[in-house]
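The sequence and structure are shown first.

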Amino acid sequence: MILCSNPREQYVAHREEIDAAIARVCANGRYILGPEVEAFEKEFAAYCGVEHAIGVGSGTEALHIALTAAGIGKGDEVITTAHTAVATAAAIRLAGATPVFVDIDPETYAIDPRLIESRITISTKAIVPVHIYGHPADLDAIGEIADGRGLTLIEDCAQAHGAKHRDRRVGSLGEVAAFSFYPTKNLGAIGDGGMVITNNVDIAGRARLLREYGWAERYVSHVDGWNSRLDELQAAILRVKLKHLDDDNAKRRALAARYNEALHDLPLTLPVARVNVEAVYHLYVVATERRDELQEYLRAHDIGALIHYPVPIHRQPAYADKAISLPVTERAAATVLSLPMYPELTHAEQDMVIAAVRSFE
Ligand SMILES: *Cc1c(COP(=O)(O)O)cnc(C)c1O
């Protein structure tokens, strides 16, 4: 079976380095918020081109903490999309705010900046664009709206570690940004993890308080915090993988170029890459009206293709809002299919995927 993503292969590729990192932490005796987390925070901040990075428990928590540290809370509205992991909307609710869904651009599947203005109200405080599938949202247009309307720009970078908008890495363009290190992400742990990054020293300070009981010094809470810490084992593993991230993203781009070349003549919508961006292909997503049939056909050929995401958030029971209609989002949910994409996918395996897609009639 060729899987859609395969984090085990990444462990195998860097086994010696990862095993040594794990042994180092076990022998050290510091297991929570110690030297590995501190070093990883510095290395990740430098990689992204920002001043501050705060390691937290997951991507959902990174968004929750970023929003709260930026002053978003009860009574506030936050503009985002419904074509994303439910975590984006869940984090907005965890912060006490209300997600307001705007439709997406049919080519990049990211928020359509032309539709944002009409959803801004007196309660709107922030915009959370998602760099979905590893392709940066239109940060020029979104940044202009945020600046013009006094809204905080918070980037959901969970699928876009290392992606660039012009010559800057995503996460460094908004006021604050959130990353996930879920195992299948471009930079993935062997467990859960997340990171908040920012150039704003006040937001960074509040994020540090929030992740550990509001402690400025041990055992003295200054604000209502909770527990959302990155652990030393995950940080040590992530430090190994960060060294390989640019290589891994280059491999993803090369695989995407091979798919594009091999599938361009088929009646499939292939991913586009806008000028001025460097996408990192967290997923390689094609679209077709016969999506369910194609997925079934590939499964019969031992190829795992997945749907990201089958039910838009505004159609999920916990978020159901019959009043709103997001036609491009709804169409995407009915037509998208993610083909196998991970750095260790071999050309021989990819050729099997290509042959199977090409033989589908
Ligand atoms: C994975 C993901 C998250 C949540 O990350 P977790 O670490 O699973 O909590 C948030 N937003 C997007 C777009 C994601 O893909």
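## The largest cavity

In this predicted model, the lining of the largest cavity is made up of 10 nonpolar, three polar and one charged residues. The volume of the largest cavity is about 130 Å³. Its lining comprises 14 residues, and Thr-108, Tyr-133, His-135, Pro-271 and Val-272 are the closest to the centre.

## The second largest cavity

The model holds three cavities of 30 Å³ or more. Among the residues that line the second largest cavity are Ser-5, Asn-6, Pro-183, Lys-185, Arg-252 and Glu-344. By class, this lining has four nonpolar, five polar and three charged residues.

## The largest pocket

The largest pocket has a volume of about 410 Å³. A total of 30 residues line this pocket, and those nearest its centre are Ala-85, Ser-180, Tyr-182, Lys-185 and Tyr-309. The lining consists of 14 nonpolar, 12 polar and four charged residues.

Several secondary structure elements contribute to the lining of the largest pocket. Helix H4 (59-69), helix H5 (86-94) and strand E8 (176-180) each provide at least two of its residues.

Gln-350 is part of helix H11, which spans residues 347-359. The relative accessible area of Gln-350 is 0%, so this residue is classed as buried, the cut-off being under 20%.

Leaving aside residues up to four places away in sequence, Gln-350 touches Leu-255, Arg-258, Tyr-259 and Leu-345. With Arg-258, there is also a polar contact between the two side chains, at 2.7 Å.

Notes
Residues numbered from 1 in each chain as written. Predicted model: local features only at pLDDT ≥ 70, side-chain atom pairs only at ≥ 80, totals over all residues. Heavy atoms only, no water. Helix = DSSP H or I, 4+ residues; strand = E, 2+ residues; numbered from the N terminus. Buried < 20%, exposed > 50% of the residue type's maximum accessible area, 1.4 Å probe, protein only. Polar contact = N/O pair within 3.5 Å; in protein donor to acceptor, adjacent residues only side chain to side chain. Contact = heavy atoms within 4.5 Å. 1 Å grid on protein atoms, 1.4 Å probe; cavity = no way out; pocket = protein on both sides within 12 Å on 5 of 7 lines; lining within 4 Å. Points joined across faces, edges and corners; volume = space filled by probe spheres on them. Nonpolar A, V, L, I, M, F, W, Y, C, P; charged D, E, K, R; others polar.
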